[in-house]
Amino acid sequence: MENSEGVKIESTVVTEEPLISALDIALFVVIITVAYFWYFKRDKQSSSSEKKPYTIQPSSLSSIEQTSNSSFIKKLKPTGRSLVVFYGSQTGTAEEFAGRIAKEGARYKMKGMVADPEECDMADLVEMKEIQKSLAIFCIATYGEGDPTDNAMDFYEWLQNGDADLEGLNYAVFGLGNKTYEHYNEIAIYIDQRLEELGATRVHEIGLGDDDANIEDDFVSWKEKLWESVCSHYGIEETGEESNIRQYKLVDCSEVLPERIFSGEISRLKSYENQRFPFDVKNPYLSKIAVNRELHKSGDRSCMHIEFDIDGSKMRYDTGDHVAVYPKNSSELVDKIGELLNADLDAVFSLLNTDEESSKKHPFPCPCTYRTALTYYLDITSNPRTHIMKELIEYASDPKDQEKLKLMASSIPEGKKEFHEWILRDNRNIVHILEDLPSVKPDLDHLCELLPRLQCRYYSISSSPKVYPKSIHITAVLVNYTTPTNRVNKGVATNLLAQLIPTNDELPQPTIPIYIRRSQFRLPPKSQTPIIMIGPGTGLAPFRGFIQERDYARKEGREIGEMVLYFGCRKKDEDFIYENELQEYVANGTLTKLHLAFSRDQPEKKYVTHLLEQNADELWNIIGEKSGHLYVCGDARSMAKDVHSIIVKVVMEKGQMTNSQALNYVKKMEQQKRYSADVWS
């Protein structure tokens, strides 16, 4: 076009046509038109960008109100508060601990508030020094491979990238982690050190809670010493007053219209009837169960292969991701609570935060019935923590029951022992406690305030989106076990899933809320890179997706690298899951080698770790000589640790390195994402 325009212009000169031709007029009009649209588009974008921070807010607040909402300082000052407790929580435990600390502040004349760092302008920390005897406490969990929780991500990045002057800020940190994981409490440790680097004053040493042992005991022990340090630092004394003040007040909602009552939705009312993309932790997708079949061939255990239908949802996943499943409690347990407390479970109620400044108005979606709260929102199957024992004391009419609760709520050695044995070892949940202490009759609304939120369950996705773009597969073992008190405890999610069997007729298919959680557990970018996969039991799940993806690439004509799988189970004829699939992948060349360990098919136990020790040359050939990737999925407590030790030993022997050199080599593999783990305890 430019050439043709050039020719035309050239010809106008040669033929000496009028000074202003039709073409000149046309070009002039085009230029004016472009300038006009550019100007007004820019103006519109400018206007839009000014409005953007407000249009994404859930409510139509003015800019001033919204700034105030994110400023925790503006909530502390007018209400005479000096204590703010931030939480970084993925499962709710850190948030619960934060609430307990804020509540206890009243005993030390420190009125407190709980704050979600995601909803706060954390730059306000520089202004904490303006509040007399102020204190910021951080209850921070470490999640995944040493990552901050979703709601603490922005704060973590602010600390990393910023250089705020935090002189005058007094702080303390409690971390929530698990020692079976390599990056134990990494985020809490970083925050504790970084705050000091920025000039803040540490009032009490960091506490490190271990969820693999007894994180409740770790927290209580740290908290007691924290208050001793606080009293010493500020020159204050404990008032001695107990702080059993309700955080929420009961509101009778019997007159609320049915369409305004929550019936199990996670956040938005009627969200399951009116599904809206995107789907996430607060807005799960109600997926149909397309397939639910048994994988075990015999025996008294069950392992399910389940396929969630995501056709039409716009949801996308990558091989190695996790799917979150929102469970619900069994009606049997829920009815039992109603029976024990002589309560009307179908009464409609709401719990309203007594702290008007709090961003959290309700502990769960309200209004709803007690039945809905106990079924969808509250955890009634886990072991209650000591603060619940303490709150139940006032409801015990029998002195013996009262004394037992007082002992378990105390921090003396005898009390800790009793709590450990009666609650943790005997695996009692709130239903069992109410059964075994019959005089304890708490108000149901108070119990609903005390119980933690029911959390979603995460499963490694056992399919590849290349092969199954319209469905998500999981591999789940049914959890049922007998406790020392001869009660049968059932896994909340797996027992629900076991009941969701699709039918072949036109009846509505069973559904369950899900969403996808991204993972760093990824195949190498190049399909030619060799990999070793170690996944006994359901640890095979993500590797089924890996193999499917490589098989898809092979069928497309692409070159694929070696794929070596180590799989183990109890008995070949009982729980060798996906056997036919794996043998087919070996036959067609996708799976280079399949190493199998059946622990109970011979007198001596045989595990995948034994096979790894026997195949040191193969391991080094792939991870050392060919720079391949190694993946581990399964039990973090023993298997994953043993695998790590074996890999270090192989690197030492075959790579001719010292122990420290081998450790550094494996560490570098992890940093390069050549050694990845997807493990649980």
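A residue counts as buried when its relative accessible area is under 20%, as exposed when that area is over 50%, and as partly exposed in between, using a 1.4 Å probe and protein chains only. This is a predicted model, in which local features need pLDDT of at least 70 and side-chain atom pairs count only at pLDDT 80 or more, while totals for chains, interfaces and linings use all residues. Residues are numbered from 1 along each chain as its sequence is written, and side-chain values use heavy atoms, with hydrogens and water left out.

Colour the chain by secondary structure, and look for 23 helices and 23 strands, which are DSSP runs numbered from the N terminus (helices are H or I, at least four residues; strands are E, at least two).

Next, select helix α12 (residues 399–409) and helix α13 (residues 413–425), whose axes come within 6 Å and cross at roughly 105°. These axes are lines fitted to C-alpha atoms, for helices over the stretch in contact, and the angles run from 0 to 180 degrees between N-to-C directions. The contact (heavy atoms within 4.5 Å) joins K404, L407 and M408 of α12 to E414, G415, E418, F419, W422 and I423 of α13.

Finally, select H595, which lies in strand β21 (residues 593–598). Is this residue, H595, buried or exposed? H595 is buried, with a relative accessible area of 15%. Now show the residues around H595: leaving aside its neighbours within four places in sequence, H595 is in contact with V564, L565, Y566, F567, L611, N615 and E618.
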